[in-house]
Amino acid sequence: MKAGFQTVFFKEMKDVLRDRKTLLLMIILPIVVVPLLLNLLIGFVIKKEQEAKSEVLEYVVFGDEFAPEFAKTFEGANGFKKVTLGSSDELVVAIREERIDFGLVIPEKTATQLSGQEQASIELHFDNASMGSKVEDRVQGLVEKFNDGLTAARLAKLGVPSGQKQKSLLEPVRLRKQGTGKIREVIGDRIGGMVPYFFIAFCFMGVVYPAIHLGAGEKERGTLETLLLAPIPRHQVVLGKFLAVFCGGIIAVLLNLASLGTWLAIKAGELRGIIGTLIGSIDLLDLMLLALMLIPVAAMFAALLLSISIFARNSAEASTLISPFGIVLIVPAALAMLPGVELNWFWASVPVTNVSLAMKELLKGTMDYTMLLAIFASSTLIAGGLLFFCAKWFNRESVLFRV
Amino acid sequence: MLQVSSLTKVFRLASSKRGREGHDPRERGRRFHAIDGIDFEVRRGQVLGLLGQNGAGKTTLLRILSTSLKPTSGVVLCDGEDLTKNPLEIRKRIGFVSGNTGLYGRLTAREMLSYYGKLHGMAAAALDERIRSLARKLDMDWFLDQRNETLSSGMRQKVSIARALIHDPEILLFDELTTGLDVAAADSVLTVVAVCKSEGRTVLFSTHHMDEVDQLCDSVVIVHEGKLCFEGGVDTMRSQTGESFLDKAFLRLIRPKTEGAKT
């Protein structure tokens with residue numbers, strides 16, 4: 001004969017897995033929707049990037065007679081098309097209306113400045129509000145090319161031979177960067193903070209619906225009252241429900257992990273070096289530890305949300321009460337993304353953030369395994385405390401029969 | 001036998017739920033006396049009708065008797081054993097059904113019965129046999145493998161009764177069993193109550209329908225504003241009030257109390 005909590009657990013799992021909303025959130029979302037969205041998003045970003053690089057930029061030049069060589073640099077360049085505009089007063093409006101991509105205004109004094117070997121200023125007008133715009137980079141590239149030629153000519157005129165001599169004159173000291181960090185550490189540090197954030201968010205999403213359904217939902221349907229009459233201690237009812245909610249979180253995380261991993265493995269080639277390098281350098285043990293770290297997080301979420309859900313009078317109230325926790329619990333996970341937040345004994349004591357930072361260290365491959373053990377133990381302890389609270393909470397008449 | 005003596009249940013009122021002072025005599029400061037010193041007893045094999053207006057305290061009383069709620073004071077003895085001392089053992093002897101049939105919509109009737117049987121520690125073979133026997137008795141065979149969410153109100157109430165009977169309890173507590181049922185469904189449910197009586201089970205039956213009381217109950221308890229205002233047989237109810245209709249007799253019994261409370 002099964003223990004009471006096992007009977008409750010198996011029944012709750014059956015009940016939860018027969019629900020379309022749960023299946024959608026827990027299974028369909030990670031397996032189908034997440035890879036599909038990632039595919040669309042990355043595809044869109046790559047397409048936009050390529051478009052921005054190869055797009056023909058239409059421009060106008062005012063005062064090209066004052067720097068004809070400079071103007072010629074643009075006329076002869078690929079991907080640039082010179083157009084005309086009535087007057088320079090129309091420049092801003094024309095850019096805003098997207099009739100042109102940028103405008104160059106060459107002042108009259110430029111001619112004397114250039115011939116007198118002085119520095120000249122040329123105005124570049126462009127839409128700097130557009131994030132994806134490559135105008136500045138592409139114009140800067142041509143200006144640098146023009147500057148290189150002019151500098152070389154000026155130095156030759158001064159008697160400096162071209163080549164290495166000119167380089168050493170222009171840049172007496174050159175810094176050669178020799179980073180000691182492995183490529184995995186560098187990439188892990190930059191994107192490693194985002195990965196735990198997503199997994200912790202997925203874990204939360206996986207827990208929310210089962211918690212509402214098995215707590216407030218039971219009250220609402222009137223099944224809680226009959227369940228409380230079963231001859232098993234109430235802590236066993238709580239344990240059975242907790243395990244079902246906890247499994248919801250774990251299933252969501254594992255499916256997300258598997259789905260994301262599969263997607264990345266397939267797409268690694270397309271995404272070129274960076275992600276491929278990161279995936280290639282993570283071994284199976286790290287992946288298992290990554291999943292292991294999420295176990296106490298799922299347990300914490302399950303115990304906390306079940307307590308809130310049990311307190312609520314109905315599902316709608318439970319959703320209202322749980323929503324702010326979505327933000328409150330995700331903030332510590334997001335802290336790992338901030339620069340300067342590194343895993344040390346202080347951060348190791350902050351719930352959720354510690355797991356987030358530990359996952360980041362695992363991705364970087366710089367994990368101190370003693371600290372990992374401490375984080376796992378402390379998170380498990382907190383989850384246990386929350387479960388104990390939930391069981392106590394479940395024994396209170398004022399909570400169960402709240403009107 | 002179920003013996004209830006000096007039973008009291010006091011709830012702490014949330015500030016938002018507190019009414020005007022003197023509005024309800026049961027509200028005393030921050031406390032609400034839902035049940036106030038009730039005594040009665042039900043003998044084995046008897047059907048006791050529990051009557052009272054909405055909010056009189058019937059559901060609270062039934063929740064105490066079913067061990068969902070703990071009494072603030074007083075004693076409930078179930079065959080001489082204190083209900084609060086060992087609730088888990090007492091629950092094995094009690095079956096509870098409310099009008100608001102609490103069923104798991106996504107489970108079939110069979111799965112639902114099996115779940116409660118397992119919670120009561122029944123062995124698989126005995127449980128299967130019990131489900132078969134209850135299905136025959138309650139005419140549930142034909143919808144036993146349908147999900148509860150697809151069942152009609154009458155069918156749902158039958159599943160609910162079968163759930164309460166799965167562990168073969170000696171005492172049955174029915175809270176407004178026929179609420180929301182059509183005439184045919186209500187009749188078939190009441191037949192089950194009559195069968196339970198004939199099997200020698202003790203039944204506590206809360207209802208607003210006096211014809212059901214007339215049809216099934218051996219004795220009646222009327223609760224008004226948390227206090228007991230009548231205990232006796234159906235005939236005593238009539239003779240004491242001089243009314244031949246039970247509805248009128250019920251109103252006669254509670255009206256002086258209501259008027260008294262208002263003045």
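Predicted model: local features only at pLDDT ≥ 70, side-chain atom pairs only at ≥ 80, totals over all residues.

Reader: What makes the length of helix H9 (residues 194-214) of chain A agree with its 21 residues?

Author: At 1.5 Å a residue the span should be 30 Å, and the end C-alpha atoms of H9(A) are 31 Å apart, so the two agree. Helix H1 (residues 4-17) of chain A can be treated likewise: with 14 residues, H1(A) reaches 20 Å from first to last C-alpha, close to the 20 Å expected.

Reader: Which residues of H1(A) are buried?

Author: They are A:Gly4, A:Thr7, A:Val8, A:Phe9, A:Lys11, A:Glu12, A:Asp15 and A:Val16. The cut-off behind the word is 20 or more other C-beta atoms within 10 Å.

Reader: What does H1(A) give to the side of chain A that touches chain B?

Author: The contact takes 21 residues from chain A and 23 residues from chain B. H1 and helix H11 (223-227) of chain A each supply at least two residues of the chain A side, and H1(A) gives the most, with four residues. By class, that side has eight nonpolar, five polar and eight charged residues.

Reader: How do you know whether chain A is spread out or compact?

Author: Chain A has 18 helices and four strands. Its radius of gyration is 31 Å, whereas the globule rule gives 22 Å for 403 residues; the value is well over the rule, so chain A is more spread out than a compact globule. Along the principal axes, the C-alpha atoms of chain A fill a box of roughly 100 × 50 × 35 Å. The chain is divided into domain 1 (4-33 + 182-400) and domain 2 (56-170), and the C-alpha centres of these two domains of chain A lie 55 Å apart. Of the 403 residues of chain A, 33% count as buried.

Reader: What does the same test say about chain B, with its 263 residues?

Author: For 263 residues a compact globule would have a radius of gyration near 18 Å, and chain B has 19 Å, so the value agrees with a compact globule. The C-alpha trace of chain B spans about 60 × 40 × 35 Å along its principal axes. Chain B holds nine helices and eleven strands, and buried residues make up 47% of its 263 residues. Among contacts in chain B between residues at least 6 apart in sequence, 70% join residues at least 24 apart; for chain A that share is 75%.

Reader: Which residues have the most contacts inside the largest nonpolar core?

Author: That core has 154 residues, and those with the most contacts inside it are A:Cys203, A:Phe242, A:Ala298, A:Phe301, A:Ala302 and A:Ala303. Helix H14 (residues 284-311) of chain A brings the largest share, 15 residues. Leaving aside neighbours within four places in sequence, A:Phe242 is in contact with A:Ala302, A:Ala303, A:Leu306, A:Leu387 and A:Cys390. Apart from this core lies another, of 14 residues, among them A:Tyr59, A:Val60, A:Ala67 and A:Phe102.

Reader: Is B:Ser6 buried or exposed, and what makes it so?

Author: B:Ser6 has 12 other C-beta atoms within 10 Å, and the limit for exposed is 12 or fewer, so B:Ser6 is exposed. B:Ser6 is found in strand E1 (residues 2-12) of chain B, and its phi, near 45°, is positive in a residue other than glycine. Most residues other than glycine have a negative phi.

Reader: Why is B:Lys248 called partly exposed?

Author: B:Lys248 has 14 other C-beta atoms within 10 Å, which falls between the limits of 12 and 20, so B:Lys248 is partly exposed. Its place is in helix H9 (residues 246-262) of chain B.

Definitions and conventions. Residues numbered from 1 in each chain as written. Chains lettered and ligands numbered in written order. Domains from an automatic or database assignment. Expected span 1.5 Å × (residues − 1). Contact = placed C-beta atoms within 7 Å. Nonpolar A, V, L, I, M, F, W, Y, C, P; charged D, E, K, R; others polar. Rg over C-alpha atoms; globule rule 2.2 N^0.38 Å. Core = buried A, V, L, I, M, F, W, Y, C linked by C-beta atoms within 7 Å.
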